[in-house]
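My entries follow the display.

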Amino acid sequence: MEWWKEGVFYQIYPRSFKDSNSDGVGDLNGIKEKLDYFNWLGIDALWICPFFKSPMVDFGYDISDYDAVDPIFGDIEDFKDLLENAHKKHIRIVIDQVYNHTSDQHPWFIESKSSRNNPKSDWYIWKDPKPDGNPPTNWISLFSGEKEESAWTWDENRKQYYLHLFAKEQPDLNWQNENVRKAVYDSMRFWLDLGVDGFRFDAASHFYKNLERDLIKGPQIKKSLFESSRDNCYWDPFTARPETLIEIEKIRKFMDSYQDRASIGEISSDMGLYLYLMFTIPGRFNIAFNIDFLENLSFNASNLRNLVSTLDYFFGSRAWPSYVTGNHDNRRILSRMTDGMNVDIEYKKKISKLFATMLLTLRGTPFIYYGEEIGMEDTYIPRDKIMDPWGKSLWPKPGRDPSRTPMQWDSSKYAGFSNVEPWLPINENKSEINVKAEMEDPNSILHFYKKLIHERKTHEPLKSGTMQFLNIDDDILAYKRESDYAITVILNFSDKIKVLDKNLKGQIILSNYARSDKYGEQFEIRPFESMIIKNDHR
Ligand code: NOJ
């Protein structure tokens with residue numbers, strides 16, 4: 001099985017992982033300090049969010065030099081050192097490249113906007129206004145919140161608009177231009193030659209655009225597949241263009257000219273599952289980062305079954321799914337799932353372990369977002385401390401800062417993340433929720449993750465086995481993973497004890513409750529319990 005299929009990924013938001021040089025911001029050497037931690041936990045690969053040179057308007061997703069490390073994170077030697085040390089410890093590193101757009105401070109953009117006829121004038125998407133002076137299309141910036149601001153910004157110098165699907169400081173590259181493509185491939189080559197194990201391609205579904213079309217609001221096509229809270233969706237002319245799909249095939253070919261590299265696409269739009277498949281059928285990306293799963297997660301076994309079974313059926317043998325319960329763009333899973341629930345800390349821990357069991361036993365590559373393994377929760381960010389550009393326009397709704405706060409290593413003032421005040425506040429629960437305390441407690445969430453990862457590695461059915469859903473109870477999500485033997489996973493999403501009367505005899509290899517290892521014909525599953533059972537029979 002390919003490493004990116006069977007491995008467990010861990011996502012690092014480098015600003016918040018570990019600060020090694022006391023400036024309040026995490027860095028590459030900080031990550032290097034923690035490599036033994038990943039070995040201890042059983043992590044196979046890291047996905048590190050952008051650490052390239054950037055004015056940090058979108059905290060690294062606005063790059064001003066694709067091939068340089070931003071001084072706040074270290075330098076290229078630090079990266080080489082990190083990579084070499086990680087490889088020695090059998091940990092792979094996937095980097096996050098942002099080839100849909102650059103920073104407005106990138107020398108390419110500065111040159112491009114200097115006139116209408118400089119050599120890079122066509123490296124970005126410049127357009128004349130409509131006859132009435134309005135922007136060329138009605139596209140709205142994906143960061144504009146409810147204000148629905150235009151994705152076009154007027155430039156006085158060129159007397160033209162430029163396109164930015166995200167913030168105005170993130171102008172979109174013009175992929176139609178051969179020289180742009182060449183520059184992007186040069187950058188990929190630079191990092192692949194250094195030895196990185198792959199890329200997470202940011203906003204990869206948007207590389208090419210159809211500039212002739214407006215955005216229209218359409219019906220929610222996902223309704224039939226998933227329960228979703230949105231009533232309608234945007235049909236946009238900048239997602240999954242045929243040219244983009246063709247380009248992805250070229251990128252894949254290019255990456256296959258190196259050995260064993262993984263391509264992971266950040267694919268997003270209202271088209272949901274169809275889009276993931278489009279981008280991950282053979283010859284395209286290895287994996288699409290499954291944001292749909294993350295966004296549609298709910299505390300409801302039937303909904304989850306609907307979600308996962310549709311996904312698994314859809315992917316089938318066509319493509320390889322991924323699973324993700326949190327990332328730097330969304331709220332933390334534990335906070336989302338326990339919102340409005342009256343549960344004490346012990347139940348919260350059970351719930352965290354319940355979702356972890358699901359994440360690490362489904363058929364697909366699991367991604368763990370940093371801090372999930374200790375049960376980190378959203379942190380309240382007062383208005384004057386909001387950093388996220390999107391968060392600023394979303395206020396008073398919370399933006400993305402609450403799930404980006406410093407990793408909680410211990411209970412000290414700055415949680416062992418830094419010696420000085422960090423760039424974002426530390427969660428008040430750090431005295432209890434931290435790596436040090438949880439390492440010392442064999443029943444902690446952290447130890448549970450370690451055991452889960454271990455079981456996943458030990459039992460082939462959990463990696464490559466088929467997945468078949470079992471009808472047990474509306475509150476229970478249960479599935480059997482099967483290869484040369486069978487493993488059953490039973491997850492109780494209710495606070496009730498349920499009697500299970502099934503012929504599932506076997507050994508309980510992991511539960512979030514203390515359990516003896518065998519049970520009889522009748523047994524019960526406790527509130528929010530998760531169980532992994534090695535079946536006696538297939
Ligand atoms: C997706 C990234 O995950 C997000 O953090 C970023 O703001 C946008 N792409 C723009 O690059």
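These are my notes, topic by topic.

**Ground rules.** I am working from a predicted model, in which local features need pLDDT of at least 70, side-chain atom pairs count only at pLDDT 80 or more, and totals for chains, interfaces and linings use all residues. Residues are numbered from 1 along each chain as its sequence is written, and side-chain values use heavy atoms, with hydrogens and water left out.

**Domains.** I looked up the division first. Domain 1 covers 3-102 + 176-452, domain 2 covers 103-172, and domain 3 covers 466-535. These bounds come from an automatic or database domain assignment. I then took the C-alpha centres of domain 1 and domain 3, and they are 30 Å apart.

**Domain 1 against domain 3.** I checked contacts, meaning heavy atoms within 4.5 Å. On each side 24 residues take part: 24 of domain 1 touch 24 of domain 3. The buried area is about 2100 Å², and carbon and sulfur atoms give 73% of it. Buried area here is the accessible area (1.4 Å probe) that two parts lose on being put together, summed over both. Arg 305, Lys 350 and Leu 354 supply 29% of what domain 1 buries against domain 3, more than any other three residues.

I looked for salt bridges between these two domains and the count is zero. The rule is a side-chain nitrogen of Lys or Arg within 4 Å of a carboxyl oxygen of Asp or Glu. Polar contacts do occur, with eight residue pairs, both at pLDDT 80 or more. A polar contact is a pair of N or O atoms within 3.5 Å; within protein, one must be able to donate a hydrogen and the other to accept it, and residues adjacent in sequence count only if both atoms are side-chain atoms.

Which elements give two or more residues to the domain 1 side? They are helix H10 (301-315), helix H12 (345-361) and helix H15 (445-458). Helices (H or I, at least four residues) and strands (E, at least two) are DSSP runs, numbered from the N terminus. H12 gives the most, with nine residues.

**Ligand site.** Polar side-chain atoms lie at 2.7 Å from a ligand oxygen for Asp 202 and at 2.8 Å for His 328. For Asp 329, the distance from a side-chain N or O atom to a ligand oxygen is 2.5 Å.

**Salt bridges overall.** I get 38 by the rule above. I noted Lys 457 with Asp 44, closest N and O atoms 2.6 Å apart. Lys 457 is in helix H15 and Asp 44 is in the loop between helix H3 (35-41) and strand E2 (45-48), so the pair ties together parts 413 residues apart in sequence.

**Backbone.** Most residues other than glycine have a negative phi, and most peptide bonds are trans. The bond from Trp 395 to Pro 396 is cis, with omega near 10 degrees. Phe 59 has a positive phi, near 45 degrees, and lies in the loop between strand E3 (52-53) and strand E4 (65-69).
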